[in-house]
Structure formats: structure tokens, C-alpha cells
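Please examine the sequence and the structure before working through them.

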Amino acid sequence: MEQPSTQQQEFAPVGGGAGAETASVSEASDAAAPAQAEAAFPTETTTSCTSPSAEQPPQSVYHIKWVRWNNQKTPIVTQNENGPCPLIAIINVLTLKGLVKLPQTLDIVTVEQLMEHLGDCILSSIPKDIPESAQLNYEQNMHDAIAILPKLQTGLDVNVRFTGVKDFEYTPECIVFDLLRIPLYHGWLLDPESPEILAAVGSCSYNQLVEKIINNKSSTKPEMVTEALLAEAFLERTASQLTYHGLCELNSTLTEDELCVLFRNNHFITLYKRKD
């Protein structure tokens, strides 16, 4: 497989309590090395952002780090341990785009304030020239998005497909990203040069693949058992939820200066592609 050129192109994760680090695509292949997993795959078949335990509710106040962005002082909301990563990832995209403004004297921000800004952005995203035939559907999407906002504090159910960096099983949670026009990506892709794995996984989502493995491993048909073992090996080998082919596809799919959200290892990350 011919690798896309990665010279001088970088993905820069934005935010986080310890500051932003920049990882070049050419170096990021190390990050795609499979992580050691305690199990082949989680026993639960939902992939959602890590949530705080019931005994330790998420903190409602978050610190702000001010950075220079496009020659302007711009706020970055930093994440508490086990904090609401979907909310922070989305908010940081909006602040970097200039769609959310915070007072420059502000050092901390509450969840309630972030939710208010997010709700305002959703309401302001309504197209002015929406056709009457699509108005009811759009209003329903708006209603669903507002209902989902509280989940952003604890996590979203996101179910990836292994066929493309934009491929997710559609869930109501995806509506928030659609309405705010924030691209959602992942890098957990199949290697096109592994036809046996391609056949074993097919177009399954993560949840569907886990169910398929469980069912087929107990099949009396040898070919179905073989497919299940191949699919299970794929999940074990790519436990980091980021593959080299996924990195190549992210590099070729993202446009220069694009701000987006990356889903990886059950977390949501504000991502920016730049070329120096």
C-alpha cells in the first residue's frame, strides 16, 4: 500500500490539563502499536466515554488555559480526571472557531455555563432557508439534541465501523455533532491488504462484531468459527483503537486547518490538522 505523504503535516490534540502536545503523523505509527488488553474485548458492547463512578461525581468547575490562536487570546477548557470529555472536546472546537466567547478575565468555568453556550450554538445553527418539507425533521433533530446534552457530562454511546474514519453506526448522540457541523472521526480501521480479516469483519460495527464473535465461536461450522477467531484476533491486535491504516486515512481525509473531534479509546479529543 502506498503511504500518503506526511511531511510537515501534523495532528495537534488541543486541550487537556497538562497542555497540548503535537504529534506528527510520521511519528504516530508508534502510537498505533497494539496495547495490551486485559480481555479480548469488553464484555459490554457499548463504546462510550469513561464516566466517573457514582461515588465520585464529576466536578462542575473546570479551569481555563488561555493560548494564542490565530493571533488572538483564545480559551481552552481543560479536563478534570475522568471528566466529561465529549462536552470539553466539542466546546474547545467551538472556542477555537470563535463561536463561543468567554471573558478574558475568566479562569474557571462551570458545567452550567458550558451547557448554556452549547445550547446557544445549537439554536444559532438553524438554517434560515430551510425548506418546509425538511422543517419538521430538523425540529425533531433539535429536540433530540437538546435532550442529549446532559449526557455530554458523562459520556456518549458511539459505535464505530471499521470501514472508514467517518463511519459510525448512527445513534441519536451523533445529532449533536451534525447540528454543530463538527466532524467526528476515528482511526480504528481494517487493513485493506488483509483480505481474510476484511471478510471476517465485513461492514460490522463494533457492537455487531462482538456479538458475531460470541455467536460464531460456538457454531458447528468450521468456517464460522475461523471467522470468529480472526475477528477476535483483530480486536486484540488493535486494542489501542488506532491502526496504521487509520492514521494514513486520517491524514488524507482531514483538510488543512480542519478542526474536528477524534474518538479513540472511549475518549473524545479535539483535533486540528495543520501544515507548517
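**Exercise 1.** Which residues in α6 meet which residues in α7?

*Solution.* The model is a predicted one.

Step 1. On the α6 side, the contact is made by Y206, L209, V210, K212, I213 and N216, and on the α7 side by M224, V225, E227, A228, A231, E232 and L235.

**Exercise 2.** Determine how the two helices are oriented.

*Solution.* Step 1. The axes of α6 (residues 206-216) and α7 (residues 222-237) come within 8 Å and cross at roughly 135°.

Step 2. Angles over 145 degrees would count as roughly antiparallel, and 65 to 115 as roughly perpendicular; α6 and α7 are therefore oblique to each other.

Step 3. The crossing of α6 and α7 is left-handed.

**Exercise 3.** Describe the sheet and the helices packed on it.

*Solution.* Step 1. The sheet is open and has three strands in the order β4-β3-β5, paired antiparallel.

Step 1. β4 and β5 (108-110) each have a single partner strand, so one side of each lacks a neighbour in the sheet.

Step 2. Six bridges join β3 (residues 61-69) to β4 (residues 72-77), with W69 partnered by Q72. In the hairpin of these strands, N70 has a positive phi near 55°.

Step 3. Three bridges link β3 and β5, and H63 has I108 as its bridge partner.

Step 4. Helix α1 (residues 85-96) packs on the sheet and touches β3 and β4, whereas helix α2 (residues 111-124) touches β3, β4 and β5.

Conventions
Residues are numbered from 1 along each chain as its sequence is written. This is a predicted model: local features need pLDDT of at least 70, side-chain atom pairs count only at pLDDT 80 or more; totals for chains, interfaces and linings use all residues. Side-chain values use heavy atoms; hydrogens and water are left out. Two strands pair if DSSP finds at least two bridges between them. Helices (H or I, at least four residues) and strands (E, at least two) are DSSP runs, numbered from the N terminus. Axes are lines fitted to C-alpha atoms, for helices over the stretch in contact, and angles run from 0 to 180 degrees between N-to-C directions. Angles under 35 degrees count as roughly parallel, over 145 as roughly antiparallel, 65 to 115 as roughly perpendicular and the rest as oblique. A crossing is left-handed if the near helix is turned anticlockwise from the far one by less than a right angle, and right-handed if clockwise. Contact means heavy atoms within 4.5 Å.
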